[in-house]
Amino acid sequence: MAEIRFHRAGLAVEVRGLHLRLGDTAVLRGVDLHVPRGAIVALIGPNGSGKTTLLRCLLGLEKPDSGEIRLLGEPVGPKVLQRVAYVPQRLQLDRNFVLSVREFLCLRLKSARRWMWQGHRQTDDLLRAALADVGIEALFDRPLAGLSGGQLQRVLIAFSLLTGPELLLLDEPTAGVDNPGERSFYELITAIHQRLKLTVVLVSHDLSMVYRHATRVYALNGVVCCEGTPEEVMNADSLRQAYGIHVTPYHHDHPPGHHHVH
Amino acid sequence: MFTEAYMQRALIVALLLGPLCGLIGVFVTARRMAFFSDTISHAALAGIAVGFWLGFSDPTLPMTLVSLGVAVLMLWLKERTELLTDTIMALLLSGSVAFGIVVMSLLKGFRGELDRYLFGDILSVGPTDVALAGVVTFVVGGWVLWNLNALALITAHEDLAHVSGIPVRALNYAFVLILTVVVALSIRLLGIILVTSLLVIPPAAARNLARNLRQELVGAVAAGAIGGFGGVAASFLFNLPCGPSIVLVCVTLFLTTLAARQQRRTPFLRPRVP
């Protein structure tokens, strides 16, 4: 009965009592996370706070020492991961690897196994539409290794959306992207979220973007220090808990809601 | 040239293994595994020495087994120890070579064999090698083509491949296994010292002209075939050692495609950053 009560319906991500040591460091020390379906959740926290490690646990890339994780109501495994998409920080592409954008997108489609031999009209139409959705249709035949950070992130988004996921996990997706590029990237994520009604969990450093685009924020520092709406979490006390004692959100002459940590 | 039985065998093996090395080489170079394959090939020398020591007349089996053992040891050390990857490879490479040479110098009458395995020899290709090369090309080539999507995605991003449901670890081990077998077989023609070049140069030549992975794969297979066939033919016609001949044909191909690339105004030199 307890189990049934715990697995509440309508949660996209459910994490309970997650512990993980990496080497000598206890990176996660009892993390609890409840992400409702349809939310845009941001995980924030200082370097080494376990944000990326938590995301890696959700994806089955790290095996926690103890605790329980459920995605879309199921334990982490190949079956549920078919309904999950992941956008990494960046590709580890060697400059020498001449994979084109079209070929890269084909790797996501099981039906496009024969991409080597023929350009399939239907597949190409599908891939062009996916690229148009993220505003980069012109890059269709370009080699992946020659793209800018911002373009590559959009290709990764298009890649992740090809299979119609219900849950999108992004790991610091705008690391290495310039400021205007970052803003338009988050606007794209918000637009996709509204159009496809999926759940988004993203790890981010940029508090101003989180403030503007997230519906719920978790501040992490080995444990969840505080959680709530961006307005609730981004006050001095909460941030101090997560980032340490000398931290205050500092308001510049920026557009409303623009926060920095100093 | 084509009437001699040993030449027919050498040409067939070159036409089988050249394209296969080109195909695998695309992933070897993209994943920066050239030094890894160099270590495997040098480990073969220890295998050859052990083979002769144990009385094998044909050292293919001990050579392949020792190379496999070293490859597995290399992966194990990489996963389980704090040693740097380059350190592990340099240790195993120089250790195997030293061991092989010491054992062979202790055995009487094998000094002449050493050259043949270091630089390759068309005369050393026996009927068993032809059969083995045929089977390996068919099986390994088929495996690579069947797993092309997975291999390409693993090369682009291992975590992304894992989340996409690809058994990354198993495929990585399988790739190392097939790389070892292909390297060990190619040693007959190319020799221990030069065998890695057939994995590196044909893909590099193809990349000079390729605009996507499909073109690179097709180009690397073609360049491997031309390099293998041309090298064996040159070795016969001009009485040259086989391995260096193959490498020189491949290098010529690379320079030709490089010139063509310059013509297309896709410069080879990186632009200077002011």
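How many residue pairs are in polar contact across the interface of chain A and chain B? The rule finds 6, both residues at pLDDT 80 or more, where a polar contact is a pair of N or O atoms within 3.5 Å, one able to donate a hydrogen and the other to accept it, and residues adjacent in sequence count only if both atoms are side-chain atoms.

## Ground rules

This is a predicted model, so local features need pLDDT of at least 70 and side-chain atom pairs pLDDT 80 or more, while totals for chains, interfaces and linings use all residues. Residues are numbered from 1 along each chain, chains are lettered from A in the order written, and side-chain values use heavy atoms, without hydrogens and water.

## Where the chains meet

Contact (heavy atoms within 4.5 Å) links 33 residues of chain A with 28 of chain B. The buried area, meaning accessible area (1.4 Å probe) lost on being put together, summed over both parts, is about 2800 Å², with carbon and sulfur atoms giving 61%.

You will also find 1 salt bridge across this interface: A:Arg56 meets B:Asp159 at 2.7 Å, N to O. The rule asks for a side-chain nitrogen of Lys or Arg within 4 Å of a carboxyl oxygen of Asp or Glu.

## Enclosed space

The structure holds 2 cavities of 30 Å³ or more; a cavity is a set of points on a 1 Å grid over the protein atoms alone where a 1.4 Å probe fits but cannot get out, and lining residues have an atom within 4 Å of a point.

The largest has a volume of about 50 Å³, and its lining includes B:Ala14, B:Ser186 and B:Ile246.

Terms used: Buried area = accessible area lost by both parts, 1.4 Å probe. 1 Å grid on protein atoms, 1.4 Å probe; cavity = no way out; pocket = protein on both sides within 12 Å on 5 of 7 lines; lining within 4 Å. Points joined across faces, edges and corners; volume = space filled by probe spheres on them.
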